[in-house]
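Please read them alongside the coordinates.

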Amino acid sequence: MKQDAIRILLSQNKDKGQAVSVSWPRLEAERVFIGQSAAQAVHTTPLLFALCARAQTLAAQLVLQQAAGLPVSVSPEQRSSITLEAVRETLRKLLLDWAQAFDGRPADAAWMARWRAARDLPALRALAEDFVYGEDCRHWLQRGEAGWQAWLQQGATAPARWLATLQQTLPACPLLPALDAAALASHLADWLRPGGPVWQGQPQEVGALAREAPQLPGLLAAGLLPQARLLARLLQLARWLDGALLHSSVASLADGALALVETARGPLLHLAALDASGRISRYRVVPPTLWHAHPEGVLRVSLGFLADATAAEWQRQISLIDPCVPYSVSKDVEYA
């Protein structure tokens, strides 16, 4: 199957100057579910969506149960499972992608060995407190915005050093408010727009910064979006390590159901409908990356402001926004 990839194009025209465009011609792998039973689709889901596989599978289970009119509930064990997945994914990002983006190389092999061995929350918390925070993560959470600034200026850990370098101001997108499936059901048409999802007519930034914005008023007022994005990811990670759990919810529609499951990168939406025989007649997935890759969304807004920046700086900023699929960057120079 052809790989999904976000396309980022920097156009340069001698008369109009530089412009950035972003597109994601998503392949919609979930189309294979059409005609399948619910059990077949749930079994297939983690094979189709390897990243955030637990969250994807939970979303499939919930939406298909709701569409079938079955009782639906989310157990603490299911919430713990998707939260543990988000913790591992965030630490993987820190050790590999963000270390590469800021230090030019992944974290040392010893850190990755600890990550591979850490399968439960205590082990992951110990790793994060050593590599990320340099202290107990609950104590770190209680520092507040001024305390986090003092912490990053000390630069005792690699993420603290990275944060201290992020002094760029960038324009912002609106931040998606917290929603559950019932609230989303009455605004679903916005999320399913052919050009990309919107909320109240505008593309939004989703994920950690949207969730943690109330904790970072100073950074947001100053326009220090890159620093706020990374700090919000560390805040989110610390909360999960300290016992907070991700949410999920379901709602019925006139012609089916929807499930909304939170992930590390933002809200994951599954929509489904069943035919009279109980087979899947409609299925759609709206991952958080559709928000990131909206033609007027956070990637275009941020990179458009950094059109003259180096390729390394583009990589750093894209990594902080954190789309969940590969991307390609190309340049198109028009001399006419």
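1. S302 is buried, at a relative accessible area of 1% (buried means under 20% relative accessible area, with a 1.4 Å probe and protein chains only). This residue belongs to helix 15, residues 298–305 (helices are DSSP runs of H or I, at least four residues, and strands are runs of E, at least two, numbered from the N terminus). Apart from neighbours within four places in sequence, S302 contacts L170, R229 and I321 (contact means heavy atoms within 4.5 Å).

2. The model is predicted; local features need pLDDT of at least 70, side-chain atom pairs count only at pLDDT 80 or more, and totals for chains, interfaces and linings use all residues. Residues are numbered from 1 along each chain as its sequence is written, and side-chain values use heavy atoms, with hydrogens and water left out.

3. T57, in helix 2 (residues 53–67), also counts as buried, because its relative accessibility is 15%. Beyond neighbours within four places in sequence, T57 touches V42, T45 and P46.

4. Helix 2 and helix 3 (residues 76–103) have axes that come within 8 Å and cross at roughly 145° (axes are lines fitted to C-alpha atoms, for helices over the stretch in contact, with angles from 0 to 180 degrees between N-to-C directions). Helix 2 contributes A53, R54, A55, L58 and Q61 to the contact, and helix 3 contributes Q78, S81, I82, L84 and E85.

5. Overall, the protein chain has 16 helices and seven strands. Of its 336 residues, 51% are buried. The C-alpha trace spans about 60 × 60 × 35 Å along its principal axes.

Conventions:
Buried means under 20% relative accessible area, exposed over 50%, partly exposed in between (1.4 Å probe, protein chains only).
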